[in-house]
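Take a look at the protein below.

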Amino acid sequence: MQRVCFTLQVRPECIDEYRTRHSAVWPEMQQALRETGWHNYSLFLKPDGMLIGYLETEDFAAAQAAMDQREINAAWQASMGDLFEPMDGRRPDEAMVALPEVFHLD
């Protein structure tokens, strides 16, 4: 199982709205994530808007590609895009910066 950690930057003035939207993630979006291999998925948000995501998956590139094929994902990304710092025209799921793992205690 591959462990993946990534970052994004939520606009500071949008932090409350980001939290509100994630308190009610669309059930269809949650199901799509499960079906495409996103397991043990968590999001953490610092007070300055730095978003840290963590998930486990068999193949992150394949999980991302599978989500990219889902209409619900396109709709979710479009609904969330305005909450993030500029991403050079990319959707949030395209702008994630994956962090290399340097230590793991099993």
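Which residues of helix α2 (residues 27-35) are buried? This is a predicted model, and in it the buried residues of α2 are M29, A32 and L33. Seen down the axis of α2, these buried residues fall within an arc of 100 degrees, so they line one face of the helix. An α-helix has 3.6 residues a turn, so residues three or four places apart point the same way. What covers this face? The cover over the buried residues of α2 includes β2 (39-45), α3 (60-68) and α4 (71-80). Just after α2 comes G37, which takes a positive phi of about 95 degrees.

**The whole fold**

Now step back. The protein has five helices and four strands. Read from the N terminus on, the elements run β-α-α-β-β-α-α-α-β. The radius of gyration is 14 Å, close to the 13 Å that the globule rule gives for 106 residues, so the protein is as compact as a globular protein of that length. Along its principal axes, the C-alpha trace spans about 35 × 30 × 25 Å.

How much of the chain is buried? Buried residues make up 33% of the 106 residues. The accessible surface comes to about 6600 Å². Carbon and sulfur atoms account for 53% of that surface. Contacts also reach across the sequence. Among contacts with a separation of 6 or more, 75% are between residues 24 or more positions apart.

**The strands**

Which strands pair with β1? Strand β1 (residues 2-9) pairs with strand β3 (residues 50-57) in the antiparallel sense, over eight bridges. β1 also pairs with strand β4 (residues 97-99), again antiparallel, over three bridges. In β4, T7 stands opposite V97.

**The aromatic rings**

How many aromatic pairs does the protein have? The count comes to five. Two of these pairs involve W38, and the table sets them side by side.

| Pair | Centre to centre | Angle between planes | Class |
|---|---|---|---|
| W38 and Y41 | 5.2 Å | 55 degrees | tilted |
| W38 and F60 | 5.8 Å | 70 degrees | edge-to-face |

Why do the two pairs fall into separate classes? Planes over 60 degrees apart count as edge-to-face, and those under 30 as stacked, with the rest tilted. The planes of W38 and F60 are at 70 degrees, so this pair is edge-to-face. The planes of W38 and Y41 are at 55 degrees, and that pair is tilted.

Y41 counts as partly exposed, at 32%. The cut-off explains the labels: buried means under 20% relative accessible area, and exposed means over 50%.

Where do W38 and F60 sit in the chain? W38 lies in the loop between α2 and β2, and F60 lies in helix α3, so the pair ties together parts that are 22 residues apart in sequence. The group also takes in another ring. F6, W38, Y41 and F60 form one aromatic cluster.

Note on methods: Residues are numbered from 1 along each chain as its sequence is written. This is a predicted model: local features need pLDDT of at least 70, side-chain atom pairs count only at pLDDT 80 or more; totals for chains, interfaces and linings use all residues. Side-chain values use heavy atoms; hydrogens and water are left out. Two strands pair if DSSP finds at least two bridges between them. Helices (H or I, at least four residues) and strands (E, at least two) are DSSP runs, numbered from the N terminus. Buried means under 20% relative accessible area, exposed over 50%, partly exposed in between (1.4 Å probe, protein chains only). The arc is that of the directions from the helix axis to the C-beta atoms. Contact means heavy atoms within 4.5 Å. The radius of gyration is taken over C-alpha atoms; the globule rule is 2.2 Å times the number of residues to the power 0.38. Accessible areas come from the Shrake-Rupley method with a 1.4 Å probe; for residues, only the protein chains shown count as cover. Rings of Phe, Tyr and Trp (its six-membered ring) pair if their centres lie within 6.5 Å; planes under 30 degrees apart count as stacked, over 60 as edge-to-face and the rest as tilted.
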